[in-house]
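Have a look along with me.

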Amino acid sequence: MDARRRLFTGLLRRMVVLRDDVCATPWCDSLVAHADHVHPARDGGPTSLVNAAGLCARCNLVKESPGWQVVVVRGSPHELEVRTPTGHRHRTLSPPLLGWGSDPPPDDESVLERHLAALLDAA
């Protein structure tokens, strides 16, 4: 994961895609197509996991349009704020590494096991 590079390639890109899962823009659930700098590299933004965002192609192009701005609010958990040309601010939070539904059920039995047991009891 070489942070001296300008492009997100190799393991660093893989980490961005794993962390963000879907496009990091609020309300966009498209698959990640681009790993890009939140603070642009041309303005001195580092090529790092904290300064990275996994975006779909459309959202990555839109954020480069005049009036749009994206900033990192915090690095862990990764939170971004998107500022629109109209002045609206929207925040987005990357999902937990194991997914949103990663909390285990309260007892030792999984939801699938309970469902299968109910099916067997009905038979």
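Predicted model: local features only at pLDDT ≥ 70, side-chain atom pairs only at ≥ 80, totals over all residues.

Next I asked where Lys63 is found. I traced Lys63 to the loop between α2 (57-62) and β3 (69-74).

Is Lys63 buried or exposed? Lys63 counts as buried, because its relative accessibility is 13% and the cut-off for buried is under 20%. I then listed its partners, leaving aside neighbours within four places in sequence: Lys63 is in contact with Asp36, His37, Leu55, Trp68 and Val70.

Leu55 and Val70 took me to the largest nonpolar core, which has 11 residues and includes both of them. Among the other members I noted Cys23, Cys28, Cys56 and Cys59. Two elements, β2 (52-55) and β4 (79-83), each give two or more residues to this core. I also found a second, separate core of five residues, with Phe8, Leu12, Val16 and Ala35 among them.

Beyond its neighbours within four places in sequence, Leu80 is in contact with residues including Ala24, Val38, Ala53, Val70, His90 and Arg91.

Last, I zoomed out to the whole chain. I counted three helices and five strands, and they follow the pattern α-β-β-α-β-β-β-α along the sequence. Of the 123 residues, 29% are buried. The accessible surface comes to about 8,400 Å², and carbon and sulfur atoms hold 58% of it.

Conventions
Residues numbered from 1 in each chain as written. Heavy atoms only, no water. Helix = DSSP H or I, 4+ residues; strand = E, 2+ residues; numbered from the N terminus. Buried < 20%, exposed > 50% of the residue type's maximum accessible area, 1.4 Å probe, protein only. Areas by Shrake-Rupley, 256 points an atom, 1.4 Å probe, with all protein chains shown as cover. Core = buried A, V, L, I, M, F, W, Y, C linked by side-chain atoms within 4.5 Å. Contact = heavy atoms within 4.5 Å.
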